[in-house]
Each structure stands twice: as C-alpha cells, then as structure tokens.
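Biologist: Could you walk me through this model? I'd like to know what stands behind the words you use for it.

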Amino acid sequence: MYVWPCAVVLAQYLWFHRRKLPGKRVLEIGAGVSLPGIVAAKCGAEVILSDSEELPQCLENCWQSCRMNNLHGVRVLGLTWGQISPNLLFLPPVDIILASDVFFEPDDFEDVITTVYYLMEKNPCAQFWTTYQVRSGDWSIEALLYKWEMKAIHVPLWSFGADKEQLAGSSLPGRHTVEMMIISLARANYS
Ligand SMILES: C[S@@+](CC[C@H](N)C(=O)[O-])C[C@H]1O[C@@H](n2cnc3c(N)ncnc32)[C@H](O)[C@@H]1O
C-alpha cells in the first residue's frame, strides 16, 4: 500500500472545504489507498471508492482503508477508466468525483477523461476534483478537456494551505510539484 503525494494534497483540499461535504455524494476513481475518499467520508460525505476492476489488490486496499478507519458505510467497486461496465452504468448520482494522481501515464489520460465525461453527462452539475503530479512539462490534458467540452480551474495550493513540503504530519508532498484542478462540463454554469 502506498499513498502518493497528490493524495495528501487532495485530502488537504477536502479538509479545507470540509463544511461543504456533509451529504455530498462522492466517488473516488483510481483510489488505491483512498486517503481523499476516506477524509471525505470522515467529513460526512456519502462515499464510493473505486479502482480498476482488473486490480483486485487495489480494491482490497480500498476495503482495508475503510476497515482501518471504521467506515462501514463506504462502498467499494471496480471501475476501469475508459470502460463501460455494469458498475459504471448502475452508479448512483454523484456530486463530486475525486482523483489523486491518475494522470501518470499519458496513454491513460483520455480513458480517465472519458469516464469522467460519462459521469458528468449523467450528473451535469458534478465537479471533478483532481490533483496531479507534474512529471513532464510535455504532458497536458488541456487538449482533451477541450475535445470533451470540459473546463478546468487551477486551484493554487496556497489557497488551501497546501503549499508546504509537510502536510498534516506527512512529508510526502516534499518537493514534488503537485497541481490541483476543478474540472466541470464547459456548459455547466455555477461558481
Ligand atoms: C498513482 S496511483 C494513485 C493512487 C491513489 N489515488 C493515491 O493518490 O494514493 C494510480 C491508481 O490508479 C489505479 N489505476 C491504474 N490504472 C487504472 C485503470 N485503468 N482504471 C482504474 N484505475 C486504475 C491504480 O490501481 C492506482 O490505485
């Protein structure tokens, strides 16, 4: 089990906005150890954690995080990016989609975006809260967001107290360059 630096930053964003979370329907994709989803659940959100259907050990990590945090109401399911599956088709409505460090392999970027697009078509007011680690200046999802008619707001880390090498007792952020974005449908109209 490994928590990635992006997860600590997204968890900090959730904690900073914890008063907005009670009752929100939250889905985490590519959750792994699921730190952001666990924080959201602890703050009162209704949370579903997901990871690849083809990686049962990662789904077990999601379950284990729930057990270790006494979160018995959190659901865990397999959702593979870019694939239409019964689990995706029968998901309940969502308000917030979370993902930390899912943009680590450029070949997967469009699969992540298409899954998010599918969810937003069903939930047009949903927002995608995501953190990513800048591993190459050549990588970007801007063109994909344009193609899939989405828009992104970049959220500066200082605005939620995450511009530090240590966060909440974790030294994971370190000197990694982590960015935070809120993505929504381009046609969605809210602040
Ligand atoms: C870099 S890890 C990040 C894990 C966690 N979000 C964190 O930040 O600690 C990427 C995660 O994406 C999951 N993943 C990889 N390929 C996937 C796919 N095609 N569909 C869904 N999840 C996938 C992995 O199992 C892993 O949990």
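Modeller: Start with helix α5, residues 106-122: it lies across β1, β4, β5, β6 and β7. Keep in mind that the model is predicted.

Biologist: How do you know which way α5 runs relative to β7?

Modeller: From the fitted axes, taken N to C on a scale from 0 to 180 degrees. Helix α5 comes out at about 40 degrees to β7. Helix α1, residues 5-16, lies across β4, β5, β6 and β7, and runs at about 140 degrees to β5.

Biologist: And what is the order of the strands in the sheet?

Modeller: Seven strands make an open sheet, ordered β3-β2-β1-β4-β5-β7-β6, with mixed pairing.

Biologist: Why are β3 and β6 said to stand at the edges?

Modeller: Each has a single partner strand, so one side of β3 (75-78) and one side of β6 (150-155) go without a neighbour in the sheet.

Biologist: What makes β2 and β3 a pair?

Modeller: Pairing takes at least two bridges. Strands β2 and β3 run parallel and are joined by four bridges, so they pass that test. For instance, Ser50 has Leu77 in β3 as its bridge partner.

Conventions: Residues are numbered from 1 along each chain as its sequence is written. This is a predicted model: local features need pLDDT of at least 70, side-chain atom pairs count only at pLDDT 80 or more; totals for chains, interfaces and linings use all residues. Side-chain values use heavy atoms; hydrogens and water are left out. Helices (H or I, at least four residues) and strands (E, at least two) are DSSP runs, numbered from the N terminus. Contact means heavy atoms within 4.5 Å.
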